[in-house]
Amino acid sequence: MKKLLVKYLISTLLIISCFANTNNTFGQTVNITSANSISTNGITAGSLVRGQTNVVLFGFNVAVSGGNVNFTAFTLNGGVGGLFTNGRLYKTPAHGSTFASATIVAGASVSIVNNNPQIQSINESINNTDYTYFVVADLLPSYGTLPNTVQYSFGPANWSYSASFNGVSFSCINPTVTFAPNTTGVNASSSLYYGQTSVVLMGVDVSISGGTATTTSAFLHFSTTTANPFLYFPAANIEIWRSTSGSFATASKITATINQAPNTITADLGGNVTINAGTTLTYYLVANFTGSTTGPPSSFTVDFIKLYSNNGGTTYTNASATTSKTYTLTAGSATFTNNNFTSSGITGGNISYGQTGIVLFSFGVSVQANATISSMYIPCTTNMGQYLNNTTAKLYRSTTTSFANATVVSGAIFNYNGGVSGVPITGLSEAFTAASPATYYYFIVADLNATASFPTPLTFNFSLSSGQSTAALTATNGSTYNSGSTITGQSFSIVTTYDWVGKYGSSWTDLRNFNPFNSGADVTTLPDATITVLVGVNKAFTTAPIIPGTTIGGLSIKMQP
């Protein structure tokens, strides 16, 4: 019994030795040889770069004689864990040797993520012939710094059949990312206005050479060394646009979460950024400015610092910060023009108590800013509170200089009784746009109160000037605008006014036929060129007048029914 046991153990050890050290088993011979020639077998030539696809990494020929051998697994040794992905196994026809003739082995599982790749889930039956196999994979685009070289060698087949040869030693090239300013489509003007929208502050070209560059969970980082301008375009007002052709005209807005800290902006692009070798992506920083006028910086620039990952991935830092042009941030400007001409519709001649629809003052204005004017203030040479009617006062607007084309501005509130020599006008919502500043012409229209208690004669006029203490225009964002030069309106004179009553006939020379305006008393002076007579306008008369051929004052006639 002991002799039989010893004989059995010796036989078993011989069989194990046969599987572990030779490729000749039960009369079948398995020869595994290298197929790693670039020129003969089609192994990938040249250096490897990040993101490279369809890399033919390793080739081996398996020849079987003396019968059939079924292979269920191959193993490679070496490599760099995590460098490759999407491994595949290809096979040539019988006696083939080039990758060009190979087709993919369906169902093969090539686990190439770690070192010593495993090729499993195959059922390759080789019977007295030979086939050449190739391992193909893609380099991960998001891999960090590539190793200097990567090389595989053959491990066992079916965990039993072995061979000893190396594949090609591939050199690796790490990609180089460069940054450069791109001014195509960047805001042409260095002067920015509060409320201005869609301002393209800067463009940055991100170019790649030496392979594909990928940053996971990508961020763009901007900063400024000047007084914090980001206060004036908060996170909600910042956008990131991207172009693949280097022009803002072809750029599109991308989803980005904007975070701000003092003097910095980071834009979370919400995922990976991949830049293929030989291509350029252009990123644009676009801002919409708020209307605040509190403590604006006199000037500022914005620097692009880096494209980076916040999860340990690759970061590409701008070796020399890409800097925007120097911007100034202002409240904008307004251009005023004089429009106080009778040809524009300004009322001519003297005015009298009770007169309605008097066009008193007009000006044109163009505001070079995104602003909504909420109030106006027009100075006057005297306090007109007792003369002009607040209730019936109106503000008109026209796109031409003519009052005939003007329409009423709804919501305007006049306050001639404000105790000041001027007229505040509130309740406005007059919108101007910096991108296409229109010129509007405004007309102040009022009724003169009907009373005899005013001192006469009275002369007055409205005006605008650069030095007026209360701004001519005030916007909802707090911006204010004055005329750069003085605009003086027409001088108006309110003259003494009589009512014709005709109680004692039609004689124009009978004092008893006239009453002071809105009074039942007699006048003491006959009308002349300085006195306006209202006939049938303010009071009914008994007898119509016969007017002599002499010069008389202003005459308003309404025939009594």
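**Aromatic rings in a predicted model**

Mentor: Arg512 lies over the face of Tyr504, 3.8 Å from the ring centre. A charge counts as over a ring if NZ of Lys or CZ of Arg is within 6 Å of the ring centre and within 35 degrees of the ring normal. This is a predicted model, where local features need pLDDT of at least 70, side-chain atom pairs count only at pLDDT 80 or more, and totals for chains, interfaces and linings use all residues. Residues are numbered from 1 along each chain as its sequence is written, and side-chain values use heavy atoms, without hydrogens and water.

Trainee: Which ring does the charged end of Lys91 sit over?

Mentor: The ring of Tyr131, at 4.6 Å from its centre.

Trainee: How many aromatic pairs are in the whole structure?

Mentor: A search finds 30. Rings of Phe, Tyr and Trp (its six-membered ring) pair if their centres lie within 6.5 Å; planes under 30 degrees apart are stacked, over 60 edge-to-face, and the rest tilted. Phe222 and Phe304 are edge-to-face, because their centres are 5.5 Å apart and their planes at 65°.

Trainee: Where in the chain are Phe222 and Phe304?

Mentor: Phe222 is in strand 20 (residues 218-223) and Phe304 in strand 27 (residues 303-309), 82 residues apart. Strands (E, at least two residues) are DSSP runs, numbered from the N terminus.

Trainee: Is Phe222 buried or exposed?

Mentor: Buried, at 2% relative accessible area. Phe304 is buried too, at 1%. Buried means under 20%, exposed over 50%, and partly exposed in between (1.4 Å probe, protein chains only).

Trainee: What share of the protein's residues count as buried?

Mentor: 47% of the 561 residues.

Terms used. Helix = DSSP H or I, 4+ residues; strand = E, 2+ residues; numbered from the N terminus.
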